[in-house]
Every structure is written in structure tokens, then in C-alpha cells.
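Dear colleague,

Please keep it open while you read.

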Amino acid sequence: MKRIRILVLLLISICSAWAYSGEAEEILAQADEVFTIDSLYQKSSMEIFRGSKAQPVQIMESYYLKEDGVGHSLTVFLAPKRMKGTAYLTVADDLWVRFASTGRVRKLSSSARENAAGGSDFSYADMGEGNDGYASRVSAKIIGSVLIEGMECHRIEMIPTGEHQYEKIIAAVTKDSHRYLQLELYDNGIHIKTMHLSDHRLVDTIHYPFIISMESMIGDSKTVITTMEIEPGSSKVKRNLFRTTYLKSLR
Amino acid sequence: MRIRRTEKLLSAWADWSSISYRKAFVIIVVITALLSLGYFKLHMEMTFYSLMPKDTASVQDFQVITEEFPFASQIVVVVGTDREADTAQVKQTIDALQKEFSGPQYEQSIESVYGKVDRTFLQDHGLMLMEREDLARFSDSYQDYNLVPLLRSFNDDFEREYTGDADALEDEQLEAVSRFQSLEVLLSLIDQAARGGETDEQQVLMTIEDHLLGESYILSEDGHMGLMFILPTFTINDFLEYGHILEIEENVREIAAAQGTTAGLTGMIVVGKDEMVTSEQGLGLSMIIAFTLIIMLMILVFRMNSAPVLTGLPLIIGIIWTVGASGLVVGRLNIITAMYLVALMGLGIDYAIHIFSTYIQSRDEGLSWHDGIIFAYTTSGRGIITGGLTTAAAFAALAFAESDILRELGIVAGIGILCEMAAMLLMIPPLLGRRHQRLERKGRIDPIHRKSLRLRSTMTGRIGILVQRHPGKILAVSLCFGVILSLFAPGVRIEDNLMEMEAKGLESIELQDLLVEEFGMAPDGLFILSSDIQELEGLEEELSELQTVASVDSIHSYLPSEERQLLRRGLITEYAERISQRPPSDPAIDRQGLLDEVFRLEMNLMELGDMAYLGKMERISPVLNRITGIDDEGSKYRRTVFDDLAASLLSDAASPQLQLLQSQVDRSMAYLLTDMADPQLITREMLPDMFRDSFVSRDGSRYIMTINAKENPWVGEHREAFTTQVGSVTGRATGMILVADQLTYMAANDGIRSALLALLIVGLILVADFRNIRLALLTFLPLLLSFGTLFGIMAITGIRFDFINVIAIPLLIGIGIDDAVHIDHRYRKEGPGSMDRVIARTGTAVLLTTITTIIGFASFIPSVMRAMRSTGIVLSLAMALAFFYSIFLHPAVLILVHERLGASFASWGDKEEES
């Protein structure tokens, strides 16, 4: 009798864990909507803080296009003066850079995707990560609740199922509207960075975070990206932008 | 019954020992002799690792590192000039310092001095030290030493480098800086030759040496600073030898000044020396003043010139008993327990004050000296014993702490309190007896009778009247004060950066920060010991991948495992063959080809400059900006060697000097690379002293690996991230920063947990003593408010708890309770309506003990060491608060509860008798 009771309890806990996991994936799928735009133009500023010292503000234009399931992105720096004309092109896992000082284009190795983008706290992979969303690449479960900026959020633990630069991500997703507010990024056993998403504004049918910051938990630095302009489905996004020939033609 | 027995026992001892003082002294001598046996078991462990958890592999490794690896105790000499000065001046200073400190006059204090990296070893085994893939790339690049193919190979290499991994550039900034600088020199030599100038073969060889082997001096990227290492004959644990560091420091400054430069010392051993010096700075005078004030106070209040002797002798005997008993129980004294012995003097004197206060009061009231002693013991003895037991219990609660260091402190401190209390109770009656019998023999009158000063402080008398008249108002005001400040208490923080506890502006610590900025050297890291080089090679690969790790230095960089060397040997032999069969130096130079490669090189350096700017590589970016002439705005701001060289090469004038340079470069490259391509396996015996002292133990049995953190590991959150990540790879890392963790843990967790336990034990003692739960609970009120107020004030003023000032917690429990306990005992003796008298009499002793304790602790405040200063402030504040609540709030509560509400304070036994 006792054994049966234990088995029932086990079954109940397994079922509830499964139900929780299914719920978590559904929530993530909805939260990912913000990242699953097929074509996007964006102008933004990036400010890097080292300790209390702010670095020169970087202004950049980004173009994103998803075609045949492959993400393409192009980022062109407009400021500061030293960086004006520097550009990064990403097609799937490939990454190219155009140097403003010489106008030459070089291909970076795939491992460089994990390097800091423009000296910021974002890696190139962090920058592109959002374009694909998380739900399809992680196993997720709800591990609790948290209050962020007065909003009730689910705490969802995400463990990447394939190769990934982080070993674990804990997301805070609002309970009512299923928006990401915070992503804690873990690697080698420690919490290394936290991404904060705020100032959500309605763009077409999606609430888009206009301020995204990345805070290092292992150093005194923080990077804040503020969206200045955003145009989903913009006519500015053309297929020819995502070719190295276009990179070479940039002035 | 038990109470009466205690009083009876105390009065019997006072009676007998004051008369038969010689016999009493014999008993004391016997006790002292017995406890002195503990000295044979005692050993002093004034080492940093004595603070770490005992018997763990990590501590044992740290001990081996400290004692067996000369570099663990290195003195780092930082030589500097103003930015405009010539690097040559820095190099000259380092040479002069090396010469001076290698002299026989320093034989006693200095083992070795290193001012330069041994390039001969790198020249002899350079290729064997390269990773296999780097070796393959290197041998592909350096095949043809004619100028055009050589520059082409540099360009190919650069393009491969940055297309691969920008982080690699960041990790090896210093090496890259040296390479760029030597390249600039080579380009200027080409320009000189292209203009028809003759180049010096020796200078060409040196330039190629710098390019292939790196700089031999350890210089900052702009060359205005340099480093030198002095290995002393003593270790960081030999505190008594620290005087040698002062001598070295003085001479270093003198020599640097003579060379027109400046110099300072750093390294853990220098920080240790500075700690010792600064902890004494400002303390000498204040401690003398404090000591004099306490002596004067004792003479004045007790009206006896012999008062310091009568109290001082039992105090010293108490310390002797404490050390002996600690030897028997614990077996060792560490830095913290040894420091506590100083604090014990301040606590021990309190027992003497309570005895003497009652004794003098009894004499003032007309009792003889003998009756006075008995009265003092009957009246104050029980209070002293309860107070002593509560203080000892408060400390003894630390014995249940998790950290060894706090456990030992609890045991030694508990023993110390009991020994001091016993020494005072046992020794004061025979000492007073001897004094009076001598006075009587000499026919002199006791000075107490000649003085009109009465030991009933006007201040405490007034407080007594005030409390007696307005207990309600006093309770309301003091409760408001305590509760309001207690609301801020949760804001109190723990200091987790040991360097914040040091003196501000300490040169050795500022120089550590400079090492990070100018040389990319982290001040402290973690170490791993191993006797297996292959194991270290494997660990290095994993550790270098961690985000919190800046670099990993290990013996395998200079002595690769035999397995790896054998893998490299084939490539090296093959490359050595190629050098011998290389194409001859081309008598003609393709000027256009050279120009193309120079342009290509310029573009490569500009792109690297962009990456360095974008990646905020602060060491490399200014160097590349200067070489390419491009500022942070991306504008050209200066004429560069590229501009000069392009102009020279574009001119039609043929230059035979260019051919001469080409042949000089060819010869230099061939000479150096032939040496570097030695296929002989490297053995430990071939290592230069500097590398051996850095990575190999004195007996040659073990190797050390140093893991440097990206961020300052003394900052708590950085340290936690760093140690956690390293811990995910290996559990064998050790180092000074783990001591910091241990100490922070002690302040944060153990302190609080032990305090709660102490409160419980003290509560039980009070219940056993009073046999009245109500009175025991009320006695806690002043203590709890003292804690709340203290934490609140600390939170408001930003004073943090650290592992030194955390001692305030058990002290406050012990002493804070004591003050209230003395009031309780006297009040129960004197009865209702007597609170003015109780405060006037007992309050005076409590005031005196508070004043002496505050004077003692406040003497720490002038110290330049921030930890000592905060300890002085926190302890003085804690004592003042305990006094305030015990003298104002507690008596008011007793009056209200007992006299107004009619609650009984009688003991259970007495109640039974009453009924």
C-alpha cells in the first residue's frame, strides 16, 4: 500500500513537472514573438560604461532579414568618428567585418561570434541571438516567480539543447503579457551577465523593448543599447545588403 | 542555597587570603606553575595560512608555496619616470639596482635579484617553447629573410591573427606591443637605408632579437616604467625580518633618485610589512596617553598610588594563566587570538574596578580594610562571577562556529575571561592584605582615610535621582532612540575587500593597482601545486577559457612536458634544415614589391588599431595610434615611419645601403633562428634561475601554476566569481585571496550565528543566576537595543563589519549584559525605592569600567589603518551604548515592572521560602 502511494506521488510530481515544462515552452514561444520578425530596420545608440566612466556613444544602423530560415544581419556604425563606416555582416554563423580606416573586408572565424561586440558587454552571438528567439533551442521549466519593476514575472530556467555560448539562462517573463524583462546568463558555473529589457513600446502588433542593457556580473561594466528608430518590414531592408560586395562598397 | 554558598565561599577567601597572604601567594604560584605547563604544548602560528581552515589540502599547498617557492615572497620594485623621459633611464636604473642588491652586503637578506628576462634561454630553445600550431605557422612564415618576403610573411601572419580571434590580441597585449615597436624600428632602419644611410649590423641584430624574443626588460608599453624582482631570504611569515624590507626600500629610492627616476616596492610581503608599520602608526602616542589616563584614573579614584600595581599584577598573572591554559586546550595562538590578548587586558581590569569600587565605598562608610574586603566580595563578588561567566559564555559560543579561526578565538577568549576573573578574585585580597600589614608595620596611615574624595560620582548620583523620579519618561525616550536607529540596522554591510581595511594611500597597494594598469599584472591570484607538468598543461587549457581568468602562468611555458617536446621536435628539425637551405640574400631589391608590402603592413596595423580602439584595449591602442599616426577620432595627426618610408621608396634614387641592410637582416635572422631551432629536449637543469625560482620548489619536487584574475580579486563579488569558476575546473587552487573569503565568511555568517548561540547561553546563565525568568528577560533588553542602535549607526555612517571589528559582537554581549547584571544584583540587595543609590554606587563602577574600556579602544582611532580605526570606533560606540541603556533604560524598566506593576524579581527558592 505504502509503495503504491509513493508511486502515485512520483507520477503526480513527474506529470506536474512535465506540465510546468510545457507551460514554460509555451510562454517562451509567445515571448519570442518580439524576436521573430522577418525583416527589420533599426537605428540605435550603444553606450558602454566601464566602472563609472562612460565611453564615447556608438550610433549604428542595423538591418535584419530572415530568408529560408537563415538569419542575415548587417550593422553599420555611424559614430563615433573613428568607427564611422565600420560594419559587421552576419549570415547564419558566418561573420565579416569591414574596417573603416582601410575599407577592407575580412572574415572572422566562427569562434569570434562569442567575442565582445564593439568592446561592449554583448557578444556578437548575443546581438544575433534575439533574432531567432529561445524557445526552439532550449529545454525550459518554470522555477518560480519574481517581481521586476512592479510586474509579476515567471522565472524560467532554460538549458540549451545544442551547442550554445551559455550553459544556462534564467529568464524573467511577465505573467500577463509574456514579455522578456530580464535574462540571467550563466557559464562555467557562475552568473556572468544579465540582460535587461525595458521601455516596451507597441511597434505594429509587437511590444518591442526600446532599451536593452547588458550588465557584467564579473566586472564593473555595462552596455546600454537604446533604439532610436525601428521599422519592422522596412523597405530599407534589401537582399543585396547582406553580401560582402555590399560591405566592400560601403563608404 | 547555592547563592549563599557562593557568597560564603567568596567571603571566606577574602577573609583568609587577606590575612594569610603568604599562603595565598603560594597557592597562586602553584596554579601559575601548573598552567605554565601549557607553554610546553603551545606554539605560535603567526602565519597567514593559520587563518585558513586547518588540515585541508588547500592550506597545506599554500604553506608549501609560501615556504618552498622563492617567488611567493618576492619584492616587486617598480621604477618610473615622467612620461617624457627616455626608456634608457628606466633600464639604467634597473641595472644599477640589480648591481647594488646582488652585492655581498645583502647576503643576509636577499637571495636573488632579477631585472631582466633571460633571453639566452629563449634564444636557445625558442621554438621548443612554441605550441605545435604556432610552430607550424612560424616555420611557414620565416623561410625567406629577404626584406620583401619577410614583410610579406609579417602581413600574412597579422591577417591570420586578427581574422582568427580578437580576444587573442587582447590577451597578449604586452607581447604584441613589443612586436609592433620592434617592427617600427625595423621600418625606420629600412627607411634609413633607402635614403642612403648606413645601418649598423649590431643594431639590426638587436631589432630582430626584440622582434623574435621580445624585450628583455619588463617595461610598461610606453617604456616609462619598469619592474625588477628581489627574492628575500625570508618568507612572508617571518614578521621579524620585515626590517630588511625597510632597508631595501630606502636604498631603492636613493639609487633611483641618483638615476633621475623614482622607485617603490610592492608585493604581498611588502603589503605585509606596510600593514605592520601602519597598524602601529598613530597608535604609539595614543596608546601611551590611554595607558596614562587609565593609571591616573585608577590612582585618583581609588586614592592609592599602588592601585596600578594592585590591579596590574593580577592582570598580568591572568594573561599568563590564559596563555598556559590555551596551550593545554588549543595548543596554538594565531594572529587573531594573539591580538585578543591585548583586548583581554581591557576586560580584565573591569573586574578589579568592581572590587575596588565597593571596597573603597565600604572604607568611606567606616569599615576596616579587612571588613571592607569581605564586604566588597560579598556585595560585588556574585555580580562579578555572573558577569564573567556571561562574557566567557558569549565568547565560548564562538567555539561552535564553522571556521577554525573563530572557534579558536572563542575558546581562547572564554578561557581568558575566566582566568582574568579568577586571578582578580584570588589575588586582590592577599595583595591588599600585604599592603595593609606593611603599612601597619611601618606605622603609616592608610591614605584612604586622609582623603575627603568619596567614590560616589556626582554624575551617576544625578542619573540615579533622575531615573528614580521619571522612569516612564526615561523609558519612552531611550526606547524611541533605540527603536528609530534600529530601523536602519538591516542596512549594515560586511567589508569583503581586505585592501579597504588597509591604510589609505598605502604605496604598496597603489603600486599593485599600477601593476594592473601598466603591466596587466593582477595583484593576487590563485595557485595550483603539482608534480606533473602534463597535468598543468591540461589545466592551463581549461582555465584559460574561463571568463574571469586573465592569464595562466606555469612552468610548462618554459619546460613543456616531454610528450609535447617530442611532438614539436620533428617540426623543429625540419625547420632547421630549411634554414640551412634557405635562398641566398638577394642582391637586388624589388622596390615596388617592398612598397606594396609596406602599404599592406600599414593597413594591417590600422585595422588592428581599429579593433584595439573598438575593443577598448588600452595598452595596445595608443601604441598602434602612434605607429599609424591615427588618433581616436580616426584622423591622421602625425607623420609616421610609413609616410617616410613610402616617400623614400617612391623616389628613384637607388640605394646600395638597402642591399646592405637586406644582407644584415638575413644574417641576423639566420643566426637567431638557427639557435632557436635547437631540437634538443629542454630539461629542468637548463632552466634559468628566474624561471626556476618562479615555478619550481626549492627541492625540485613540485611546480606551481599561477591563475591571474581579470578583475581585482580582493573585491568580494569579483573574488566569488573568480574562485567559483576556477573551482569548476579544479578544487586544488589556493592563495591569499582564500584567506579573505574565510575572513569574510567569518564576519558575515559565523559572527551572527555565534552571537545567537551566545545570547541563548547567556540567557541560561542569567536564569540560573537570578532564578527568575522575568528578570533574566528584562536584562536582555538593554543588550538588544545596544545591538540595534549600533548596527543602525553603522548603516547610517557607512561603517562596515569586518573580521577585526566583528569582535564587538561577543564583547557587547559579554560587557553589555555585565553592566545590567551588576545593576540587577545591587537592586535586589538594596530593594524597592533604592534605584538612585544603586545607580550612584554600582553605576559608578560601571561608568569607570566603561570609561577605561572606551579609553583603551578609542586609542585605535588615530591609527592610519582603516580596520584599526573602524574597530576603535565600533567598540567605543558599543561600550557607550551598553552603558547608556544599562544605566538609563534598564533601571527605569526595573522600577516600572517591579515597583509600579508589582512584578516580583525574587528567586524561585526565595518565593518558596516566602510562601
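How many helices and strands are there in chain A? Chain A has three helices and 14 strands, where helices (H or I, at least four residues) and strands (E, at least two) are DSSP runs, numbered from the N terminus. Before going further, please note that this is a predicted model, in which local features need pLDDT of at least 70 and side-chain atom pairs count only at pLDDT 80 or more, while totals for chains, interfaces and linings use all residues. Residues are numbered from 1 along each chain as its sequence is written, chains are lettered from A and ligands numbered from 1 in the order in which they are written, and side-chain values use heavy atoms, with hydrogens and water left out.

Chain A

Of the 251 residues in chain A, 51% are buried, a term that stands for under 20% relative accessible area, with exposed meaning over 50% and partly exposed in between (1.4 Å probe, protein chains only). The accessible surface of this chain comes to about 12100 Å², and carbon and sulfur atoms hold 52% of that area; accessible areas come from the Shrake-Rupley method with a 1.4 Å probe, and for residues only the protein chains shown count as cover. Among contacts in chain A with a separation of 6 or more, 42% are between residues 24 or more positions apart, a contact being heavy atoms within 4.5 Å.

Within strand 1 (residues 39-50) of chain A you will find Gln42(A), which counts as buried because its relative accessible area is 12%. Its side chain is joined to that of Thr227(A) by a polar contact of 2.9 Å, that is, a pair of N or O atoms within 3.5 Å, of which, within protein, one must be able to donate a hydrogen and the other to accept it, with residues adjacent in sequence counting only if both atoms are side-chain atoms. Residues up to four places away in sequence aside, Gln42(A) also touches others, including Met60(A), Tyr208(A) and Ile230(A).

Chain B

Helix 25 (residues 591-614) of chain B has 24 residues and spans 34 Å from its first C-alpha to its last, close to the 34 Å expected at 1.5 Å a residue, the expected span being 1.5 Å times one less than the number of residues. Because 20 of its 24 residues are buried, helix 25 of chain B is largely enclosed by the rest of the structure. At the start of this helix, a side-chain oxygen of Asp590(B) comes to within 3.2 Å of the backbone nitrogen of Gln592(B), and just after the helix Lys616(B) takes a positive phi of about 50°.

Glu184(B), in helix 10 (residues 173-194) of chain B, is buried at 15% relative accessibility, and its side chain makes a polar contact of 3.1 Å with the side chain of Arg626(B). Leaving out residues up to four places away in sequence, Glu184(B) touches Arg626(B), Ile627(B) and Val641(B).

Ile269(B) belongs to helix 13 (residues 268-280) of chain B and is buried, with a relative accessible area of 0%. Beyond its neighbours within four places in sequence, Ile269(B) is in contact with several residues, among them Ser73(B), Phe234(B) and Tyr242(B).

Finally, Leu328(B) is placed in helix 15 of chain B and counts as partly exposed because its relative accessibility is 37%.

With best regards
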